[in-house]
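User: Can you walk me through this model? I'll jump around a bit.

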Amino acid sequence: MLFVNNLSVFYGKIKVVHNINFTIEEGSCVSLLGPNGAGKTSTISSILGTVNSTGTINFCNEDISKIQTEERIKLGISIAPEGRRVFSNLSVYENLYIGSAIRKDREKADREIEEWFNVFPILHERKDQSAGTLSGGEQQMLTIARALMGNPKILLLDEPSLGLAPMITKKVFELIEKLKAKGITILLVEQNATEALKLADYSYILNSGKIIAHGDRNEILKKGDLMSSLTGVEN
Amino acid sequence: MIDYVVQQTLNALSFGAEYALIALGLAIVFSIMGLVNFAHGEVIAIGGYSMMVMAAIAFKNPIIIIVGAIFAAVIMAIFLERIAFRPVRYADATTGLLTAFGVSLILQNLFLLLVSPRPIAVTSMYFLDWPIKLGTIRISSLQIFETLATLLAILLLVLFLKRSFLGIAMRAASLDFEMVRLMGIRANRVIATAFAISGLLAGIAAIFIIARRGAVDPTLGFNPVLKAFVACVVGGFGSLPGAVLGGFLLGALEVGMLVILPQSYGGMKDAFVFAVIAIILVWRPEGILSPQKEKGDKI
Amino acid sequence: MKIFQSSKSFHQAFWGATLLSFIIALIGLLVIFFGERYHLRLVYAAYVNLLVVLGLQVFMGNTNITNLSHSAFMGLGAYIAAICVTPVQIKKLSLPDAPWGLNTFELDALSSALISLTLTGFLAFLTGLVIVRLSGIGATIVTIAILVIVHSIFMHRTDIFKGKQAFFGIPQVFDLTSIIIISIAVIFIARFFRESKWGIQLRASSDDEKSADAMGVNIFKLRLLAWTLGGLILALSGICYAYYLGTISARPFYFSHVFLTLAMLILGGMRSITGAVIGTILITFGLEGVRFMETGPVILGLKFPEMLGLSGIALGAVIVIIMVVRNGGLVGNFEIEQVFIKTRKKI
């Protein structure tokens with residue numbers, strides 16, 4: 001479904017991602033792991049078209065590497081960005097409403113908002129409250145819900161557990177597990193490798209802008225020494 | 001004495017209404033794309049010139065002239081965004097500000113070159129202005145219209161921002177423009193809407209300015225925008241409630257200065273008003289109601 | 001106290017300023033020897049504008065905050081010097097109602113200039129206390145406020161400034177040679193300030209306020225320094241203006257002059273002194289051409305219509321085009337000596 005070929009990302013003249021390749025099959029959950037500054041978010045941004053990059057990004061048999069960000073979203077790519085970035089002065093309901101911006105089926109979208117309110121009663125309770133007043137975990141749930149309101153073909157999750165308490169992190173991963181079970185294609189970017197490896201069907205390890213290893217959970221865990229130094233996974 | 005207070009309050013309201021209208025137009029564009037649109041005054045002037053043209057080609061119906069002037073201002077605002085401000089959309093605030101200065105300079109001189117450096121009479125809005133006597137209070141109908149029109153415009157704008165999809169998107173964009181694009185909403189659409197609204201407000205302002213002055217000249221909008229600019233900053237740049245508050249505050253301040261200052265200092269009104277503004281800014285450098293800015297550091 | 005962080009910055013500043021001075025002097029000398037009488041006046045005015053642009057550069061170029069009050073400080077410098085230096089007989093005639101005995105004394109040109117510099121510099125310092133505390137747009141708004149306040153005082157206090165009418169009778173103190181010398185001195189001052197450790201710290205802080213703050217650079221003090229120095233240079237430009245023309249009025253110290261000089265600085269590139277000089281030269285010459293077209297000349301048998309406003313359109317177009325195409329101006333960070341001296345390549 002998503003084929004990234006020979007992708008490099010530049011900030012000005014500085015190259016931060018070096019010619020990487022990876023593939024995400026429909027219905028699978030792929031994780032992109034690595035330490036801070038490895039180029040994970042830059043990779044996500046290049047899929048979204050918010051940074052300068054070279055190489056091709058093929059999504060649903062279409063090369064999207066030259067088209068505008070907004071058009072890529074319309075093709076069915078959704079993002080729950082790092083740091084959550086809820087619209088803090090907008091109400092919870094309005095956040096979800098904006099999330100369905102590209103939808104044509106207004107009524108169905110409205111029903112989905114109700115469904116989300118059933119999944120997260122706390123969001124329903126606070127639906128007219130501004131999103132900035134939610135706790136970090138609630139904001140993360142809102143961000144994921146907002147991204148799914150666009151009815152995406154693929155969901156990009158950038159560091160969903162960042163800065164959350166362990167209990168909340170657990171809930172977030174449970175949610176991702178559920179989404180996966182529903183058959184939603186997911187690209188998960190994480191520093192919390194233990195959890196991410198459990199979830200993902202296939203993983204890529206990124207360091208200094210290069211893919212240094214890839215495989216399923218067992219294959220990655222075999223390369224134990226490399227792994228523990230990079231991501232802190234215990235054997 | 002009470003009469004005097006009421007009278008001056010009404011004066012302050014109508015002054016303030018005009019500034020609030022223009023300041024809102026500046027603030028809505030600034031809140032979305034961080035552009036200080038100094039060329040807003042020339043959008044007002046276009047409204048004025050379009051009335052001149054319509055009067056010249058024998059449109060007598062005031063509704064047509066009013067709608068036409070507002071339409072002209074909206075088109076002008078959208079046009080300016082397209083040709084001048086889109087290239088500097090993601091540039092820093094200084095670049096945007098200076099670009100807007102340049103655009104303002106070009107337009108003012110174009111009016112001068114193509115029309116006339118002198119004021120040209122436009123009397124088609126005089127019908128809005130007749131004296132009203134309430135007991136001993138004497139006011140002009142124009143003041144009432146202006147205050148009401150401004151309040152109505154603010155009300156409609158609030159409704160638009162709260163209820164409509166584009167309105168909500170615009171509020172979202174003022175917090176995190178890129179995130180709005182990441183929701184699949186076209187940046188061009190949001191920004192064009194912001195400019196259209198600012199043009200609409202400028203057009204309404206133009207009608208009242210022309211109704212009061214009865215003439216249009218190349219600098220028609222320059223001084224009002226200068227004041228509205230100040231109103232925005234005092235209220236908190238980019239905050240829409242701040243723009244309205246700043247506008248009315250400025251109106252009150254101006255009328256207050258006219259009341260307090262002795263006759264011979266009347267010409268110095270602006271100097272005192274600006275001095276008070278400078279002091280307010282020292283007290284609150286970000287303005288009275290500065291908007292919250294929350295943006296992610298990455299992407 | 002050390003002014004320069006390294007001898008290299010001193011050398012760069014010195015050679016850069018010398019080269020620019022050479023160009024400036026050359027143009028002046030050519031005009032002195034070959035120019036017509038009416039040229040002298042135009043060229044003198046251009047040198048005054050060069051001083052204004054340099055004064056503007058000292059603050060804007062180093063802090064990246066748009067200043068629009070420069071013409072007000074120029075006006076203050078001009079009026080204060082004019083009031084001091086104009087003979088009592090003339091002042092009795094032109095300012096019969098002047099308060100505080102302003103029309104009862106006269107001073108020599110040097111004392112008048114010094115008083116003007118001191119007072120304007122002090123006003124710059126006072127306003128600077130406000131300006132430096134504000135960021136970006138807030139600061140720009142206050143500079144507009146200063147411009148409006150000063151202008152309405154000029155216009156309204158006709159008993160001191162004569163408002164729209166001409167303040168006349170100022171003795172002619174300077175000629176073209178004097179202003180060439182002054183321009184050269186100011187080029188050196190502006191360039192030395194740019195390369196001084198204060199200038200370097202300021203430019204660093206304009207790029208990244210927070211980190212400069214963290215490194216212990218006191219931005220407020222440095223900005224205040226730049227603002228006051230700029231104010232002094234602007235006062236000097238006003239003095240030069242008054243000391244040559246003999247009559248001044250409030251009109252030229254307002255928005256149109258603000259835009260003119262701003263366009264000069266932006267065209268060349270506000271971050272460099274070379275840019276300021278180049279911008280001034282280009283706009284001065286370019287505008288003469290445009291003004292010629294404005295009057296409706298006959299060229300090659302073609303009669304052009306009178307086109308009032310053309311110069312304003314040209315200035316506006318220069319500002320917009322530069323901002324859109326190349327917002328660092330023609331030369332960006334480049335300084336003239338880099339043609340000859342190899343400097344560290346910047347990323």
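User: Where does Gly251(B) lie?
Analyst: Gly251(B) lies in helix H10 of chain B, residues 240–260. Helices here are DSSP runs of H or I with at least four residues, strands are runs of E with at least two, and both are numbered from the N terminus. One caution: this is a predicted model, where local features need pLDDT of at least 70 and side-chain atom pairs count only at pLDDT 80 or more, while totals for chains, interfaces and linings use all residues. Residues are numbered from 1 along each chain as its sequence is written, chains are lettered from A and ligands numbered from 1 in the order in which they are written, and side-chain values use heavy atoms, with hydrogens and water left out.

User: Is Gly251(B) buried or exposed?
Analyst: Gly251(B) is buried, at a relative accessible area of 0%. Buried means under 20% relative accessible area, exposed means over 50%, and partly exposed is in between (1.4 Å probe, protein chains only).

User: What is Gly251(B) in contact with, leaving aside its neighbours within four places in sequence?
Analyst: Ala12(B), Phe15(B), Gly16(B) and Tyr19(B), once those neighbours are left aside. Contact means heavy atoms within 4.5 Å. There is also a C-alpha separation of 6.6 Å between Gly251(B) and Leu13(B), which are 238 residues apart along the chain.

User: Switching to interfaces. Which chains have the most contacts?
Analyst: Chains B and C, among the two pairs of chains that touch. The contact involves 38 residues of chain C and 41 residues of chain B.

User: How much area is buried between chain C and chain B?
Analyst: About 3,300 Å², with 83% of it from carbon and sulfur atoms. Buried area is the accessible area (1.4 Å probe) that two parts lose on being put together, summed over both.

User: Which elements give two or more residues to the side of chain C that touches chain B?
Analyst: Helices H6 (136–156), H12 (255–268) and H14 (310–325) of chain C. H6(C) has the largest share, 12 residues.

User: And what about chain B with chain A, how many salt bridges there?
Analyst: Five. One joins the side chains of Arg85(A) and Asp176(B), at 2.8 Å from N to O. On the side of chain B that touches chain A, helices H6 (165–175) and H7 (177–181) of chain B each give two or more residues. H6(B) gives the most, six.

User: What area do chain B and chain A bury?
Analyst: About 2,500 Å², 61% of it on carbon and sulfur atoms. The contact takes 23 residues from chain B and 25 from chain A.

User: How far apart are the closest C-alpha atoms of chain A and chain C?
Analyst: 9 Å, and no contact joins those two chains.

User: What strand order does the open sheet in chain A have?
Analyst: S2-S1-S4-S5, four strands with antiparallel pairing. The edges are S2 and S5 (62–63), each pairing on one side only. Two strands pair if DSSP finds at least two bridges between them.

User: How many bridges between S1 and S2 of chain A?
Analyst: Seven, with S1 spanning residues 2–11 and S2 residues 14–24. Leu2(A) has Ile24(A) as its bridge partner. Two residues separate the strands of this hairpin, and Gly12(A) takes a positive phi near 65 degrees. S4 (residues 52–59) and S5 of chain A pair over two bridges. Glu62(A) is the bridge partner of Phe59(A) there.

User: Last one. Why does Gln139(A) count as buried?
Analyst: Because its relative accessibility is 15%. Gln139(A) sits in helix H6 of chain A, residues 136–148. A polar atom of the Gln139(A) side chain lies 3.5 Å from the backbone oxygen of Ala131(A).

Note on methods. Salt bridge = Lys/Arg side-chain N within 4 Å of Asp/Glu carboxyl O. Polar contact = N/O pair within 3.5 Å; in protein donor to acceptor, adjacent residues only side chain to side chain.
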